Amino acid sequence: MSEARLAGRVALVTGASRGIGAAIAIRLGLYGARVVCNYNRSEEAVRNVVSRIAAGGGEAIALRADVSSREEVEAMVEKAVNTFGRLDILVNNAAILMRGGVMDDVSILDRMMEVNVKGVIYCIAASLKHMMRQRYGRIINIASIAAFGTTSRNTTYYAMTKGAIITLTKRLAFELGEYGITVNAVAPGFTKTDMTMNRPAEELSEVTRRLETITALKRLGEPEDIAEAVAFLASERAGFITGQVISVDGGRMDFFSRST
Ligand SMILES: NC(=O)c1ccc[n+]([C@@H]2O[C@H](COP(=O)([O-])OP(=O)(O)OC[C@H]3O[C@@H](n4cnc5c(N)ncnc54)[C@H](OP(=O)(O)O)[C@@H]3O)[C@@H](O)[C@H]2O)c1
């Protein structure tokens, strides 16, 4: 049964067409928020997410914007506020993972910075004037445990972008607290989405086996595991929590600074 703990609230979820973002949008809709589902390329998939929210008794719209374009983000946020009248919850979920060694190709860092870091800044900047006017806001940034030094190869530049998100979260929490805006991050571990599962079957089964071994709960994450933590941070119940990073990783034991 649905529980309307977010009734009256309006949420914008970036990258809501697939994976973790889709699960977050559906969960926020189930909890009573009106949801703006951002997408970039996956129009059909996002329509499906909007339909699922409507089927659960919720209200949602889809808005296209490439988060790495400041103009597109500003237009999206204005349209969202024009449609629903306010903006209470911003979930910065959209990101890309481009694999590569540190010595291989620095240009992948540039592209990931555009989407994973600047995209988040554009979305926050466009949303802030509405949240400040309301003197209420919940910003939740999706980071990654990669930022803490996990031992997955070829993801160092990606991890750096997620480290930047954690620093941004803590600094903004300090700056925005006086406006009644909380800023927190959720750091997922390996979660079953296109980002992680799209690889040759043999490699996937090897990676899966390795990760299950080094995860205390002995399973991989589901998008809904992440969505529930986000829904909590988005709610009134989390009103005294800001500047925090919650890992949702099943208890991963391969951080570089820990012994396994
Ligand atoms: N999966 C994991 O194991 C894992 C672990 C740690 C952290 N994370 C983080 O969790 C978040 C979601 O990851 P995921 O696994 O669900 O990824 P995913 O399955 O690859 O989905 C990515 C989503 O981001 C959107 N997106 C990508 N570039 C965009 C852009 N420029 N503008 C707007 N939207 C864009 C995509 O939209 P379109 O398809 O419409 O283009 C899609 O909805 C990311 O921040 C990721 O870094 C994931």
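Q: In this predicted model, how many residues surround the ligand, and which are the closest?
A: The ligand is surrounded by 31 residues. Ser-42, Asn-93, Tyr-158, Thr-191 and Thr-193 are the closest.

Q: Which residues have polar atoms by a nitrogen atom of the ligand, and at what distances?
A: Asp-66 places a polar side-chain atom 2.8 Å from a nitrogen atom of the ligand. For Val-67 the atom belongs to the backbone, and a ligand nitrogen lies 3.0 Å from it. Of the 900 Å² that the ligand exposes when taken alone, the protein buries 95%.

Q: Why is Asn-93 called buried?
A: Its relative accessibility is 11%. The cut-off for buried is under 20%, so Asn-93 falls in that class.

Q: Where does Asn-93 lie, and what does its side chain reach?
A: Asn-93 belongs to the loop between strand E4 (89–92) and H4. Its side chain comes to 3.0 Å from the backbone oxygen of Gly-15. Beyond four places in sequence, Asn-93 touches Thr-14, Gly-15, Ile-20, Gly-21, Ile-24 and Ile-142.

Q: What makes Asn-38 a buried residue?
A: Asn-38 has a relative accessibility of 2%. Buried means under 20%, and Asn-38 therefore counts as buried. Asn-38 is part of strand E2 (residues 34–39).

Q: How do you know that the side chain of Asn-38 makes a polar contact with Gly-15?
A: A polar atom of the Asn-38 side chain is 3.0 Å from the backbone nitrogen of Gly-15. The limit is 3.5 Å, so this pair is counted. Residues in contact with Asn-38, leaving aside neighbours within four places in sequence, include Thr-14, Gly-15, Val-46, Leu-63, Val-67 and Met-76.

Q: How far apart are Asn-38 and Ile-214 in sequence and in space?
A: They are separated by 176 residues in sequence and by 34 Å from C-alpha to C-alpha.

Q: Are Cys-37 and Cys-123 buried or exposed, and what makes them so?
A: Cys-37 has 0% relative accessibility, and Cys-123 has a relative accessible area of 1%. Because buried means under 20%, both are buried.

Q: Which residues touch the most other members of the largest nonpolar core?
A: They are Ile-124 and Ile-139, in a core of 37 residues. Two or more residues come from each of strand E1 (10–13), helix H3 (70–84), helix H4 (107–134), helix H5 (156–176) and strand E6 (181–188). H4 gives the most, with eight residues.

Q: What is Ile-124 in contact with, leaving aside its neighbours within four places in sequence?
A: Its contacts are Leu-90, Asn-92, Ile-139, Asn-141, Leu-168 and Leu-172. A second core of 35 residues is separate, with Ala-11, Val-49, Ile-142 and Ala-234 among its members.

Conventions: Residues are numbered from 1 along each chain as its sequence is written. This is a predicted model: local features need pLDDT of at least 70, side-chain atom pairs count only at pLDDT 80 or more; totals for chains, interfaces and linings use all residues. Side-chain values use heavy atoms; hydrogens and water are left out. A nonpolar core is a set of buried Ala, Val, Leu, Ile, Met, Phe, Trp, Tyr and Cys residues joined through side-chain atoms within 4.5 Å. Buried means under 20% relative accessible area, exposed over 50%, partly exposed in between (1.4 Å probe, protein chains only). Helices (H or I, at least four residues) and strands (E, at least two) are DSSP runs, numbered from the N terminus. Contact means heavy atoms within 4.5 Å. A residue is near a molecule or strand if one of its heavy atoms lies within 4 Å of it. A polar contact is a pair of N or O atoms within 3.5 Å; within protein, one must be able to donate a hydrogen and the other to accept it, and residues adjacent in sequence count only if both atoms are side-chain atoms. Accessible areas come from the Shrake-Rupley method with a 1.4 Å probe; for residues, only the protein chains shown count as cover.
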